[in-house]
Amino acid sequence: MPQIGFTHPAANRHAQFQDVHVAYRLERSRRKSIGFQVGADGLVVRAPSWITLREVDAAVQEKSAWIVTKLQQFKDRQTEQFQKAIEWRHGADVPFLGRTLQLCVLERGLGRLNGQDLHPDQVLPVTVPPGASVTQVRDAAQVWLKKQAKSLFEQRLQHFAPQLGVNWSKLSLSSASTRWGSARTDGHIRLNWRLIHLPMGQIDYVVVHELAHLREMNHSPRFWDTVAEVMPDYAQRRKALRQAPVDLKED
């Protein structure tokens with residue numbers, strides 16, 4: 001039976017709970033005690049600087065049942081969000097950057113339907129004609145998601161390309177059902193717009209992966225060395241991507 005595992009993309013500590021392996025992020029803070037937080041990327045443990053690693057490890061082990069339960073619950077919620085068909089209606093939950101936005105449908109001339117006072121960062125706004133069908137709402141929402149994806153992906157390409165010493169010539173959004181991205185020797189990068197559903201750590205991994213192909217058009221040791229130049233923790237991010245509740249592959 002395969003071992004169950006949860007990996008934070010920026011993990012720097014590991015714990016083994018019987019048949020469950022957890023790679024988590026340990027951060028030092030001004031807290032007076034050890035704190036535990038489970039989010040889109042996984043487990044983060046915060047501890048004051050005066051607490052030893054041995055004490056941190058002991059606290060993590062003591063909290064193991066809670067940690068595994070929360071990690072599994074979070075993963076189950078993500079899986080449910082991705083696998084179930086989204087009801088493209090006002091108030092629906094839509095995965096976005098590892099969290100959830102609430103779909104806010106506005107009909108032209110009528111304004112918000114059943115509106116709630118939510119922060120703009122919690123809302124996916126779409127405007128449709130009066131009496132719009134579910135398909136029209138879905139299409140409008142996906143236009144918004146793709147716009148966000150294009151802008152974000154361009155920013156991340158511009159951020160990482162100079163670090164790798166490469167130049168990309170064009171970005172296209174892909175809707176491929178089998179892969180997250182691809183790169184051509186002419187610098188044309190294709191990234192699946194559905195990456196916008198995932199946490200930033202996983203998006204950045206795919207961006208760096210494709211940019212690295214502009215130096216090494218293969219998956220040789222030299223390719224992975226190239227990825228590691230700017231992303232030393234790429235293996236952890238890659239593992240987290242493979243755990244994502246979307247069944248797509250790397251190029």
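Three aromatic pairs come out of the ring search on this model, which is a predicted one. Take Phe-223 and Trp-224. Their ring centres are 4.8 Å apart and the planes meet at 75 degrees, so this pair is edge-to-face. Both Phe-223 and Trp-224 are buried.

Now the pair formed by Trp-224 and Tyr-234. Here the centres lie 5.2 Å apart with the planes at 15 degrees, so the rings are stacked. This pair links distant parts of the chain, with Trp-224 in helix α5, residues 221-230, and Tyr-234 in helix α6, residues 234-242; the two are 10 residues apart. Trp-224 has a relative accessible area of 13%, and under 20% is the cut-off, so it counts as buried. Tyr-234 comes out at 18%, so it is buried by the same cut-off of under 20%. Taken together, Phe-223, Trp-224 and Tyr-234 make one aromatic cluster.

The charged end of Lys-63 sits over the ring of Trp-66, 5.2 Å from the ring centre.

Some totals for the chain, before I go on. It has six helices and 12 strands. There are 251 residues, and 44% of them count as buried. Among contacts with a separation of 6 or more, 46% are between residues 24 or more positions apart.

Next, helix α1, residues 53-62. Which residues of α1 are buried? They are Val-56, Ala-59 and Val-60. These three cover an arc of only 100 degrees around the axis, which puts them on the same side of α1. Arg-54 and Glu-62 are on the other side of α1, and they are exposed.

On to the sheets. Please look at the one made of three strands. It is open, its strand order is β10-β12-β11, and the pairing is mixed. Why is one side of β10 and of β11 left without a neighbour in the sheet? Because β10, 170-174, and β11, 181-183, stand at the edges, and each has a single partner strand. From one strand to the next, the twist averages 15 degrees. Between β11 and β12, residues 188-192, there are three bridges, and these two strands run antiparallel. Within that pairing, Gly-181 is opposite Leu-191 of β12.

Two helices go with this sheet. Helix α3, residues 134-164, packs on it and touches β10 and β12; the direction of α3 makes about 140 degrees with that of β10. Helix α4, residues 200-212, lies across β11 and β12, and runs at about 155 degrees to β12.

Phe-17 has Val-20 in β3 as its bridge partner. The hairpin of β2 and β3 has two residues between the strands, and Gln-18 in this hairpin takes a positive phi near 55 degrees.

Strand β3 also pairs with β5, residues 42-48. How many bridges join them, and do they run parallel or antiparallel? There are five bridges, and β3 and β5 run parallel. In this pairing Arg-25 stands opposite Val-44 of β5.

Back to Phe-17 for a moment, with Ala-65. The two are 48 residues apart in sequence, while their C-alpha atoms are 8.6 Å apart in space. Ala-65 belongs to helix α2, residues 64-83. Is Ala-65 buried or exposed? Its relative accessible area is 56%, and the cut-off is over 50%, so Ala-65 is exposed.

The last item is another hairpin. Strand β6, residues 93-96, and strand β7, residues 99-107, are joined by four bridges and run antiparallel. Pro-95 has Thr-100 in β7 as its bridge partner. Two residues lie between the strands of this hairpin, and Leu-97 takes a positive phi near 55 degrees.

To go back over the main points: Phe-223, Trp-224 and Tyr-234 form one aromatic cluster. The sheet with the order β10-β12-β11 is open and mixed, and helix α3 packs on it. In the hairpin of β2 and β3, Gln-18 has the positive phi, and in the hairpin of β6 and β7 Leu-97 does.

Methods:
Residues are numbered from 1 along each chain as its sequence is written. This is a predicted model: local features need pLDDT of at least 70, side-chain atom pairs count only at pLDDT 80 or more; totals for chains, interfaces and linings use all residues. Side-chain values use heavy atoms; hydrogens and water are left out. Rings of Phe, Tyr and Trp (its six-membered ring) pair if their centres lie within 6.5 Å; planes under 30 degrees apart count as stacked, over 60 as edge-to-face and the rest as tilted. Buried means under 20% relative accessible area, exposed over 50%, partly exposed in between (1.4 Å probe, protein chains only). A charge sits over a ring if NZ of Lys or CZ of Arg is within 6 Å of the ring centre and within 35 degrees of the ring normal. The arc is that of the directions from the helix axis to the C-beta atoms. Two strands pair if DSSP finds at least two bridges between them. Axes are lines fitted to C-alpha atoms, for helices over the stretch in contact, and angles run from 0 to 180 degrees between N-to-C directions. Contact means heavy atoms within 4.5 Å.
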